[in-house]
Amino acid sequence: MPDLPDLPDLPDLPDATRLALAIPADILALDESQMRRLGYEVVDRVIEHLTTIGQQRALTTGDLDTLTAQLGGPIPQQGSPISGNLTTLADIALANQQHGEHPRYFARVPGPSSYPAILGEWLATGMQSVASSWGGGSGPSTLETIVCAWLRDGMGLAPSCEGVLLSGGSMANITAVITARNFNGPGVIYLSDQTHSSINRGLPAIGQPTEHIRILATDDTFRLNPLDLKTAIETDIENGLHPMLVIATAGTTNTGTVDDLPAIGDICESFKMWLHVDGAYGGPAALCERGRSALPGLDRADSFVTDPHKWLFQPYDIACLFVKTPGALEQTFAMNPEYLKDVSGGAVEMQNRSLELTRRSRAVKLWLTFRSYGLQTLADAINRGIGLAEYAQYLVEQDERLEVITPAALGIVTFAGVNANAADHVRAAAELTEDGYAVVSSTVLKGRTVLRLCTINPSTSTDDIAGTLARLAQFLSRG
Ligand SMILES: Cc1ncc(COP(=O)(O)O)c(C=O)c1O
């Protein structure tokens with residue numbers, strides 16, 4: 001038994017408590033020079049990664065047994081040197097993943113984060129940022145209201161919109177649906193066959209009966225047809241149902257298509273329905289002039305989602321949900337337990353705008369990004385992404401082995417091999433990934449398997465696009 005600490009003033013203190021108090025207060029502390037050295041090691045490693053990324057593989061997938069053998073084992077009983085552990089993390093765990101910030105990562109939705117945003121994330125983590133209650137985090141909560149207002153005004157949303165930052169589009173879209181249902185009551189929800197799959201997954205999970213979900217077929221341009229929507233709503237009314245919510249998309253994941261928001265907005269208004277717009281992917285495009293003109297009617301949305309971790313150069317994770325009716329989020333999500341009364345009731349309570357209570361400040365990185373670059377530079381970086389997809393379309397049109405399936409729209413273009421079948425396309429995408437040079441997605445549009453590039457990384461060069469298309473054309477024509 002170790003020596004018990006001498007606490008003469010407290011003769012009745014139990015031994016177990018004395019033993020606990022004998023544990024030194026600096027048990028987890030590192031000395032200052034060691035902290036600095038390790039911190040610099042991390043910075044050096046990240047800078048090396050970022051400055052050589054174009055020469056690295058765009059995606060590496062390991063196998064579970066090998067990775068577990070390298071990273072796992074029984075729970076460590078004794079500590080080991082931090083420096084070596086950092087190297088293991090960087091060389092093994094973090095090397096075996098997609099690099100969404102790689103200039104030739106064109107699959108699904110890339111994540112080209114920027115250095116100021118990374119610094120903001122580090123700073124916020126180092127200072128244990130928290131944006132839950134006003135009393136516990138007035139600075140970070142203010143930052144959150146500021147970045148939401150910047151985004152709202154930059155994208156041209158309704159001026160009354162209030163925002164909250166969440167982990168991603170999936171959570172933000174479903175939080176919007178919960179808010180809409182709280183306001184309009186239960187009823188039928190209308191979406192399209194191009195609505196993001198996370199919404200289809202989320203609706204039943206929040207108790208939406210599947211018989212009250214209408215998935216409408218899109219037209220030849222992959223848009224929700226307003227006439228079909230109106231007919232579906234009228235039919236449901238005739239059958240005694242309550243049409244409650246329409247979910248439109250501003251930049252679909254497959255093709256970058258934007259639903260006809262002005263027409264859909266009119267329909268929602270006439271039937272007193274809530275219009276939610278999923279701009280998780282396409283929303284940030286509205287910060288630049290060309291994107292804004294491709295996205296008319298964003299101000300019609302009763303709620304709107306956009307993901308800065310997609311097209312606004314942020315590390316994961318950060319999404320923003322806006323709701324037009326002031327106070328609607330609080331009316332849906334407010335809580336006031338006895339143990340939070342000391343810190344609640346302030347100017348803004350972010351803990352009352354979603355289901356998250358303890359939440360780090362996702363606003364720090366976005367604030368630093370806006371302040372460091374300014375809107376015009378960010379708009380130019382977004383515009384370059386739009387242009388890169390147009391350039392890819394141009395190259396596809398020049399290549400007789402390839403054909404455009406959907407033209408460049410908000411940084412996405414789809415195409416196919418002229419004489420290639422579905423399996424050829426899937427194989428070509430897999431071969432490219434295996435090669436490590438670039439990553440693209442295959443997808444299925446109206447039953448046809450095609451290839452898809454998402455070109456939102458401004459550091460992508462025209463050679464990167466040309467090199468990727470040349471390889472794909474070659475793989476496809478090999479048949
Ligand atoms: C249009 C759209 N909505 C929602 C999502 C889901 O976003 P997240 O992956 O951030 O949850 C995505 C993801 O790609 C998307 O493209």
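**Group meeting: a sheet, its helices and a few contacts**

I'll start with the sheet. Four strands form an open sheet in the order β8-β9-β11-β10, and their pairing is antiparallel. This is a predicted model, so please hear everything that follows as computed from it. At the edges of the sheet are β8, residues 402–409, and β10, residues 441–445, each of which pairs on one side only. On average, neighbouring strands in this sheet are turned by 35° against each other, ignoring direction.

Two helices belong in this part of the picture. Helix α15, residues 375–398, packs on the sheet and touches β8, β9 (412–417) and β11. The direction of α15 makes about 160° with that of β8. Then there is helix α17, residues 462–478, which lies across β8, β9 and β11. Its direction runs at about 160° to β11.

How many bridges join β10 to β11? Five, with β11 covering residues 448–454 and the two strands running antiparallel. To find one of the pairs on your screen, look for Ser442, whose bridge partner in β11 is Leu451.

Next, another strand pair. Strand β1, residues 162–166, pairs with strand β7, residues 319–323, in the antiparallel sense, over five bridges. Here Glu162 has Val323 as its bridge partner in β7. Is β1 mostly covered or mostly uncovered? Mostly covered: four of its five residues are buried.

Now a helix pair. Helix α2, residues 32–52, and helix α5, residues 115–126, pack at an angle of about 155°, and their axes are 13 Å apart. Angles over 145 degrees count as roughly antiparallel, so α2 is roughly antiparallel to α5. The crossing of these two helices is right-handed. Which residues make the contact? From α2 they are Val42, Val43, Val46, Ile47 and Leu50, and from α5 they are Tyr115, Ile118 and Trp122. By type, the residues of this contact divide into eight nonpolar, no polar and no charged.

Last, a single residue, Phe271. You will find Phe271 in the loop between α10 (261–270) and β5 (274–279). Why does Phe271 count as partly exposed? Because its relative accessibility is 23%, and buried would mean under 20%. Apart from neighbours within four places in sequence, Phe271 is in contact with Lys230, Ile233, Glu234 and Ile237. One distance to finish: the C-alpha atoms of Phe271 and Met244 are separated by 8.7 Å, with the two residues 27 apart along the chain.

Conventions
Residues numbered from 1 in each chain as written. Predicted model: local features only at pLDDT ≥ 70, side-chain atom pairs only at ≥ 80, totals over all residues. Heavy atoms only, no water. Axes fitted to C-alpha atoms, helices over the stretch in contact; angles between N-to-C directions. Parallel < 35°, antiparallel > 145°, perpendicular 65-115°, else oblique. Left-handed = near helix turned anticlockwise from the far one by under 90°. Contact = heavy atoms within 4.5 Å. Nonpolar A, V, L, I, M, F, W, Y, C, P; charged D, E, K, R; others polar. Pairing = 2+ DSSP bridges. Buried < 20%, exposed > 50% of the residue type's maximum accessible area, 1.4 Å probe, protein only.
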